Amino acid sequence: GWAQRCGRGPGAGFNVNVPWTCFGVGDAEYAEAFERVLLPIARAFRPDVVLVSAGFDAAKGDPLGNMNVSPAGYQHMLRLLLELADGKVVLALEGGYNLESTAASAEACLATLLGVPFEGARYSSEPGVAEECKEVLAEVQAIQHVHWPNVVAPPPPLRTASESPAATREHPPHSGVTEVAATTPPAAGTPPSP
């Protein structure tokens, strides 16, 4: 879902979407989303139990997700979740369209829950977080900061002297659309336009 779709009325802020706008997002980007957005919200919410709809569509090799999360990446995210709710975490397998990727990712998560070593693929060594993903995370942080003050809103982007506010503003003031990073997620199966 879109970053702006975060719930209404008394449910405002209880829906959190991180709409990646490109394919190939991997371990580093998902870990950054957990650290900058999802965990701060979860810690403030203080759940009694964490229920995970464990779809492995973002696993490397999945033909529909087109992402690059490794089994060790899923393991890392689960370890972070185990810090919540006194470790009371339930995983329900619900998806993934590459049997090998799904099996390896599920095995990594089961090993984590059982506290046994996982000798599968190592955590991605891809350097850093892609710039496009940083923009998406900045947008999500700005939106969620309104509901969760512990989600730190990023500073507004710096403008050069040649940029005027009128030239850079895509939306009228007070339109409810953030100017940090206005993105439109591609339709499923459609690569983003440049």
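A disulfide is a pair of cysteine sulfur atoms within 2.5 Å. Keep that cut-off in mind for the first view. What you see is a predicted model, in which local features need pLDDT of at least 70 and side-chain atom pairs count only at pLDDT 80 or more, while totals for chains, interfaces and linings use all residues. Residues are numbered from 1 along each chain as its sequence is written, and side-chain values use heavy atoms, with hydrogens and water left out.

**View 1. Cys22 and Cys133, a pair without a bond.** How many disulfides does the structure hold? The count is zero. Cys22 is in no disulfide, and its nearest cysteine sulfur, that of Cys133, is 4.1 Å away. That is too far for a bond. Both residues are buried (under 20% relative accessible area; exposed is over 50%, partly exposed in between, with a 1.4 Å probe and protein chains only). Cys22 has a relative accessible area of 13%, and Cys133 has 1%.

View 2. Is α2 mostly covered or uncovered? It's mostly covered, with nine of its 11 residues buried. Among them are Tyr74, Met77 and Leu81. The buried residues of α2 pack against α1, β1, β2 (89-95) and α3.

**View 3. Helix α2 meets helix α3.** Residues 71-81 form α2 and residues 99-114 form α3; the two pack at about 35 degrees, with axes 8 Å apart. The axes are lines fitted to C-alpha atoms, for helices over the stretch in contact, and angles run from 0 to 180 degrees between N-to-C directions. Which residues of α2 make the contact (heavy atoms within 4.5 Å)? They are Pro71, Tyr74, Gln75, Leu78 and Arg79. On the α3 side, the contact residues include Ala104, Ala108 and Leu113.

**View 4. Thr102 in helix α3.** Thr102 is found in α3, and it's buried, with a relative accessible area of 11%. Leaving aside neighbours within four places in sequence, Thr102 is in contact with Phe56, Leu93, Gly95, Gly96 and Tyr97.

**View 5. The largest nonpolar core.** A nonpolar core is a set of buried Ala, Val, Leu, Ile, Met, Phe, Trp, Tyr and Cys residues joined through side-chain atoms within 4.5 Å. Of the 37 residues in the largest one, Trp20, Val25, Tyr30, Phe56 and Tyr74 touch the most other members. Helix α1 (27-45) is one of the elements that each supply at least two residues, and α1 gives the most, with seven.

Methods. Helices (H or I, at least four residues) and strands (E, at least two) are DSSP runs, numbered from the N terminus. Contact means heavy atoms within 4.5 Å.
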